[in-house]
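Biologist: I am new to this model. Please take me closely through one part of it.

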Amino acid sequence: MFSFYILVGILLISFVFFFLGKNQAKKVAYTNKKKLHSLIHYYGLYSLLSSLIPTLGIFFAITICDDLLFAELIKKYIPDEVVNSKDYNFTIVLAQINNSVEGLIFGTPPEWVANAAAIWKSWVLKSNTITVAVCTITILVSGFFSLKKIKFEFRSRNAVEKIVTSILAVSSMIAILTTIAIIFSVVFESIRFFALIPYDEFLFGTIWNPQFEGADRAGSGQEGLSQYGAIPLFAGTFLISIIALCVSVPVGLFSAIYLSEYATSKERAFFKPLLEILAGIPTVVYGFFAALTVAPFLRSSGSIFGLNVASESALAAGLVMGIMIIPFISSLSDDVINAVPQSLRDAGYGLGSTKNETVMKIVLPAALPGVVASIILAVSRAVGETMIVVMAAGLAANLTANPLEAVTTVTSQIVTILVGDQEFESAKTLSAFALALTLIIITLAMNFYALHIVKKYREQYE
Amino acid sequence: MNNKIISPSDALDIVKKSIVKRRSRDNRLKLFGRIAIGVAVCFLLTLFYSIFTKGYPGFFQYYVTLDIKFDRERIDPKGDLSDNSLFDGEASIIVNESLYSIIQPKGRKEKKLAKKIVSSGKDVRIAKMVKNNPSLFGTTTSVKFALDDDVDSFLRGYLKRETPENERRISDKAIQFIDKLNEEGRISYEFSDYILGGSASGNAEMAGIKGAFIGSMLTLSVCLLIAFPLGVATAVYLEEIAKKNRITEFIEVNINNLAAVPSVVFGIMGLAIFISIFGMPRSIPLVGGMVLALMTLPTIIISSRAAIRAVPPSVRDAAYGIGASKIQVIFHHVIPLAMPGMLTGTIIGMAQALGETAPLLMIGMVAFIVDVPNSVLDPGTVLPVQIFMWADFAERMFIQKTSAAIIVLLGFLISMNALAVYLRKKLERRW
Amino acid sequence: MLINNDLKTLDLTVGDVFSQNPRLKARNVSVFYGDNKAIDNVTIDIGNKEVISFIGPSGCGKSTFLRCFNRMNDTIDSCAVKGEITIDDENIYDKKIDVVPLRARIGMVFQKPNPFPKSIYDNVAYGPRIHGLSENKEHLDGIVEESLKRAGLWEEVIDRLDSPGTGLSGGQQQRLCIARAIAVSPEVILMDEPCSALDPIATAKIEELIHELGNDYSIVIVTHSMQQAARVSKKTAYFHLGKLIEVGRTKDIFTRPQHHQTEAYISGKIG
């Protein structure tokens, strides 16, 4: 609430500076009896932006940093016996204190929590006062300086446009910042993971069995039984992706061929969007469909044939994932096939080819790089897909090639591990980051490869 | 004429003979194409059929009508309609009394059984009613109460009488009671006021999507407010202002990479950076919106760039010719002309964000949250996550409500996409 | 034969419309693109083993009419052809006729060379392969070699038959396309401005080639260059705005045109 009022205050003051700037400009124009370089509103804008931007920057800096600072400083106020206790967890303690600060009191908290909360509240008060003071000073100072600058020679429009350009440039950096954030968060924690578990066990181990690290500490005799061999996960991902491809490649490719070469424009106008709908359905809906309709159906039809289909089978998940991927292949292939120049088809027809021969022997081979790229992109999507596998495939890290059994995938494990209690120190939680790292590397590698194929073979017709 | 090349008349014979086979191969390819499209359409129809048939009943529930004596001293002992007072009151007991008067259970065991027939939310319903309408006190009014989900399943026919009692979720005695209520015409099948008005609940009959829906709206608003300006700004900068150098290439590569990264990873980043490092609370729409915004950003940037590129250079040249500056050309001419394309791209991006589940799971939106979030800082959940959580519950009624929730979600997605298509058609310019 | 209609046509067209031993006969052919009439009631014979040029100003329908002979206009949805074109007394537009053997008999070379993105060998072998014209690999090799020889390309590519056809120069690519057409043993070769995308030296080589090919094949060549028509063909037909104005020996058309419109085009007054 406090932040909201401050923000409103900052905005209002900057608006005041807008009008002050305009007036100043009008004054200058009057005294010089000549037209100014820029239109009046640019001078107002200049004042507004000059006062607003630095103040906002400082405000956000303080707001973000103060919580971090308090968390560090409050550590002094946690009694030693709590720190040294067996299941001490700073995150939980911090949460306790925060709850107390916000007045959410369950039962009677220990005295030190109430004390720490009181101290925290006093710090918050101090921080708020400082924020108000600093922001006020900043906005007033920068505002007045901007007014000073409004002289006759001042090219306000250029200044404003420079500011706008910088804002646009900074926005573009967000993409880079996001990438850095992703890399940082994943790599940092992965490094900590690999400090606990060696690379080769992770990449080549065939048993995935992360236990609660708490079991280790509880001395239940389970120490050292946690195993982090990711091969079953890779195998599961691979198996499900293959099944998905078996569905989506034939359906997608033949649909694309039909729609681009054989279909009338009415058929194309009707069916192409219909296929695109498959891409728009949320994956959680696919997961639900897979778990509640497809899996039971497979199970019961399996038993008719005497096959034992698990209730959470790779086949169910793979099938539904294949359906989801169909538009990736059909749309992209359709685009690539259409891009093949009509002159090649004319040459084929001129020699007496049937449509089938023209498509299969001339058009498709020419479009092949693009088609292959679309398949790779579809695989990349399948590998990164989460909800369908979480809901329909199992959690058992089963190393098998049998699609009727339950398997788990990389993404499914990431979700299972990170949804629920997390201890950022335990190998179990950190393993999720290592899995995420492998996921990123694989999907990006596939995307690069797909792009490379398209680029390399594009020269062929041009 | 060299005898290596066939004479035209011989060639003609050979070709004529080969026609039948080749034509049949041609027809086969056409057939395969049709089958493929047919299979895809079949999948689509099966999916929609399955969801719809499961979900349509989810919008309805069974209710029982009971006559309730609104006795003020018993319901609101402190007399101030405060939550504390109502909590101490005897609303459930009054309801039970009304129930017993009809079905007349004998003994404690039967009474316990009878109590469970009506949904445990009975006191909440009474409390809401008297709060909204204190003039009810002193009257005896008919009130509809939802029936417990097992009773509901029985009435729908999923729990069958014929199953032996020890294998059934509902006992013979309970069935007797239900039959009695039915005879009196007190049981009705109505549009559920829980599915859309209620929030998450462990009890299937009281479960609804209101909380999740509001959470979705809040999260999407945050996402839109962040992603649209940033996306447009980046697209404008890259297309119009930045020179083609290593840095811009690097930014472009980054954007394309981000578009390819699986959505889970964005959630992980949100967990590690926004929650762990910045210390923001979990499960709030603000953090969810921020994560979704970063995920949708590449889509908006790419479609906005395409829209900007579609504006012909002649427009820019004309503006420059009059003496406009670069920024003026961009803001007065290019952006307004590219806006339809940018809007359509944004709507499509928002539709994708609406359906996203995995990243929001990562930032903790799996908590069981009963209250409807009032602001972007209150803990909440979103519709797809709610669907995910409900999907685990085995009760029949949950399956139906989950499917109903999916119908609502799909409804929104279809409207958003339809809006995008409509805008695209309406505002499309042919240069 | 439609004698009465022949007389009607003779009112409009001047010169030797008919030939002694025609390969192809076009009678009262009109072509419509939607409501737009591109070719108006044209009657002409294509003689056996001779080269005939179609000349006329741009956009007067020459290419459209050319494409009628091998039913390439079928690939365009909005195109409708009326009238009759017969080969060996069979109307090619009859519903019973399969277009595949027709196109094997009547080959086509296009304005812009369009070799397949395959090897030179595969480009030429494509036709014989799909039609099943060769009995074994040796036979196919022979067909490829002979076709390339007749197209005058063999010497230049003998050592790189596996390299991509798209790697050749413009003139070579066009000769490759000609070889490709020859490989299916056609009787007629249609050429739609085959040299317009080529440089003068390549053009000269191809014109020489066409002259030679005229001994073995009936060739119809559309050209917007009168000089080219004079160099390669014995007979010339002048088209104007979709109508056939005059047909005759090339020498006569260029020195003593009978129709005033032909004369106007020849002397550069229109075009």
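How many residue pairs are in polar contact between chain A and chain B, both at pLDDT 80 or more?

Modeller: The count is 11 residue pairs. A polar contact is a pair of N or O atoms within 3.5 Å; within protein, one must be able to donate a hydrogen and the other to accept it, and residues adjacent in sequence count only if both are side-chain atoms. Helix α6 (residues 156-196) of chain A gives the most to the side that touches chain B, with 19 residues. Helices here are DSSP runs (H or I, at least four residues), numbered from the N terminus. That side of chain A divides into 53 nonpolar, 18 polar and 5 charged residues. Asp, Glu, Lys and Arg count as charged; Ala, Val, Leu, Ile, Met, Phe, Trp, Tyr, Cys and Pro as nonpolar; the others, Gly among them, as polar.

This is a predicted model: local features need pLDDT of at least 70, side-chain atom pairs count only at 80 or more, and totals for chains, interfaces and linings use all residues. Residues are numbered from 1 along each chain as written, chains are lettered from A and ligands numbered from 1 in written order, and side-chain values use heavy atoms, without hydrogens and water.

Now the whole contact (heavy atoms within 4.5 Å). Chain A brings 76 residues and chain B brings 72. Together they bury about 6,400 Å², with 80% of it on carbon and sulfur atoms. Buried area is what two parts lose in accessible area (1.4 Å probe) on being put together, summed over both. In chain A, L168(A), Y258(A) and F288(A) lose the most area to chain B, together 9% of what that side buries.

The rule finds 2 salt bridges across this interface. The cut-off is a Lys or Arg side-chain nitrogen within 4 Å of an Asp or Glu carboxyl oxygen. One of them joins E267(A) to R34(B), the closest N and O atoms being 3.8 Å apart.

Chain B also meets chain C. There, 16 residues of chain B touch 22 of chain C. About 1,600 Å² is buried, 63% of it from carbon and sulfur atoms. Polar contacts come to 3 residue pairs. The 1 salt bridge links R23(B) and D98(C), at 2.8 Å from N to O. S147(C), in helix α5 (residues 137-150), touches I5(B) among others.

Last, confidence. pLDDT runs from 0 to 100 for each residue. Chain C averages 88, and 96% of its residues score at least 70. Residues 1-10 of chain C stay under 50. Where pLDDT is low, the predicted coordinates should not be read in detail. The model scores ipTM 0.89 and pTM 0.85.

Definitions and conventions:
Helix = DSSP H or I, 4+ residues; strand = E, 2+ residues; numbered from the N terminus. pLDDT = per-residue confidence, 0-100. Lists of a residue's contacts leave out its neighbours within four places in sequence.
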